[in-house]
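This report walks through one protein model.

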Amino acid sequence: EEGLFDEARKRRLPAFPVTVGVVTSLTGAAIRDIVAVLRRRCPVVNILIAPVPVQGDGAGEHIAAAICALSELPKVEVLIVGRGGGASEDLWAFNEEAVVRAIARSRVPVVSAVGHEIDVTLSDFAADYRAPTPSAAAEAVVPVLDEIMERLDELDRRQRRIVDTMLQMQRHRCERSLSLLGEMRVRIQTQAQRLDDLRDGFTRAVTERLTALHRDML
């Protein structure tokens with residue numbers, strides 16, 4: 001009724017997070033899998049871990065408090081919350097109201113990674129993204145850095161090719177313009193020479209005519 005599970009309130013995960021927060025136990029396989037995948041895919045990512053008990057009395061309160069604490073850190077951009085697989089009673093802490101509300105209140109997007117793909121908890125519904133396993137959660141929150149670098153290199157090469165092509169086209173246009181200017185200069189010089197010749201011819205004709213008239217008058 002409060003809309004904590006509504007799809008409309010779910011946020012997109014950041015494309016290139018610099019710092020990832022992780023709320024889980026330090027003794028389970030989940031943390032090892034998460035850290036290993038994060039480091040393999042994006043070695044430069046910062047990882048902040050809030051170690052908590054993930055089952056037993058009081059586990060839900062610890063998980064909720066850790067979610068609130070990490071999400072309030074300005075540099076944290078996304079959270080992974082979860083644990084490895086187990087029996088339904090082992091996963092029960094992630095069904096507790098305090099955990100669900102902490103996920104819903106988180107300042108940053110939350111990825112739920114509780115158990116295996118067949119395991120479902122209320123935290124999965126409240127989270128912005130539900131991952132089938134802790135490893136899959138790590139894959140969801142960070143890109144593969146090598147692929148990004150390759151893509152950037154390709155974009156750089158493509159941009160250089162485009163710039164070179166544009167410069168070549170502009171060079172050809174400039175050369176063509178200079179060629180046209182050269183042709184125009186020759187034409188102007190030719191017309192100017194022709195005008196000079198006409199002027200000289202006209203001057204000679206007038207001079208000869210005046211000379212003839214003067215001679216006739218004498």
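α1 and α5 are roughly parallel to each other, a label for angles under 35 degrees, with over 145 called roughly antiparallel, 65 to 115 roughly perpendicular and the rest oblique. Their axes come within 8 Å and cross at roughly 30 degrees. Axes here are lines fitted to C-alpha atoms, for helices over the stretch in contact, and angles run from 0 to 180 degrees between N-to-C directions.

From α1, the contact draws on Ala30, Asp33, Ile34, Val37, Leu38, Arg40 and Arg41; from α5, it draws on Pro134, Ser135, Ala138, Glu139 and Val141. Contact means heavy atoms within 4.5 Å. By class, these residues are 7 nonpolar, 1 polar and 4 charged. Ala, Val, Leu, Ile, Met, Phe, Trp, Tyr, Cys and Pro count as nonpolar, Asp, Glu, Lys and Arg as charged, and the others, Gly among them, as polar.

The model is predicted, so local features need pLDDT of at least 70 and side-chain atom pairs count only at pLDDT 80 or more, while totals for chains, interfaces and linings use all residues. Residues are numbered from 1 along each chain as its sequence is written, and side-chain values use heavy atoms, with hydrogens and water left out. Helices (H or I, at least four residues) and strands (E, at least two) are DSSP runs, numbered from the N terminus.

**More on α5**

Helix α5 covers residues 134-141, and its buried residues are Pro134, Ala136, Ala137, Ala138 and Val141. Buried means under 20% relative accessible area, exposed over 50%, and partly exposed in between (1.4 Å probe, protein chains only). What do the buried residues of α5 pack against? They meet β1 (19-24), α1 (29-41), β3 (78-83) and β4 (110-114).

**The pair α2 and α3**

α2 packs with helix α3 (residues 97-105) at an angle of about 10 degrees, and the axes are 8 Å apart. That makes the two helices roughly parallel. On the α2 side, the residues are Gly60, Ile63, Ala64, Ile67 and Cys68; they meet Ala98, Val99, Ala102, Ile103 and Arg105 of α3. This contact divides into 8 nonpolar, 1 polar and 1 charged residue.

Within α3, the buried residues are Val99, Val100, Ala102, Ile103 and Ala104. They pack against α2, β4 and α4 (122-126).

**Single residues**

| Residue | Relative accessibility | Class |
|---|---|---|
| Ser71 | 2% | buried |
| Thr19 | 3% | buried |
| Ala127 | 1% | buried |
| Glu183 | 42% | partly exposed |
| Glu2 | 56% | exposed |

Ser71 belongs to helix α2, residues 59-71. A polar atom of the Ser71 side chain lies 3.1 Å from the backbone oxygen of Cys68. Leaving aside neighbours within four places in sequence, Ser71 is in contact with Leu79, Ser106, Arg107 and Val108.

Thr19 lies in strand β1. Which side chain does the side chain of Thr19 meet in a polar contact? The partner is Asn46, at 3.5 Å. A polar contact is a pair of N or O atoms within 3.5 Å; within protein, one must be able to donate a hydrogen and the other to accept it, and residues adjacent in sequence count only if both atoms are side-chain atoms. Not counting residues up to four places away in sequence, Thr19 touches Asn46, Leu48, Lys75, Val76, Glu77 and Val78.

Ala127 sits in the loop between α4 and β5 (129-130). Residues up to four places away in sequence aside, Ala127 touches Lys10, Ile103, Val110, Val111 and Ser112. Ala127 and Val18 are 109 residues apart in sequence; C-alpha to C-alpha, they are 20 Å apart in space.

Glu183 has its place in helix α6, residues 145-217.

Glu2 is in the segment before β1. The side chain of Glu2 makes a polar contact with the side chain of Arg101, at 2.8 Å. Glu2 and Val45 are 43 residues apart in sequence and 35 Å apart in space, C-alpha to C-alpha.
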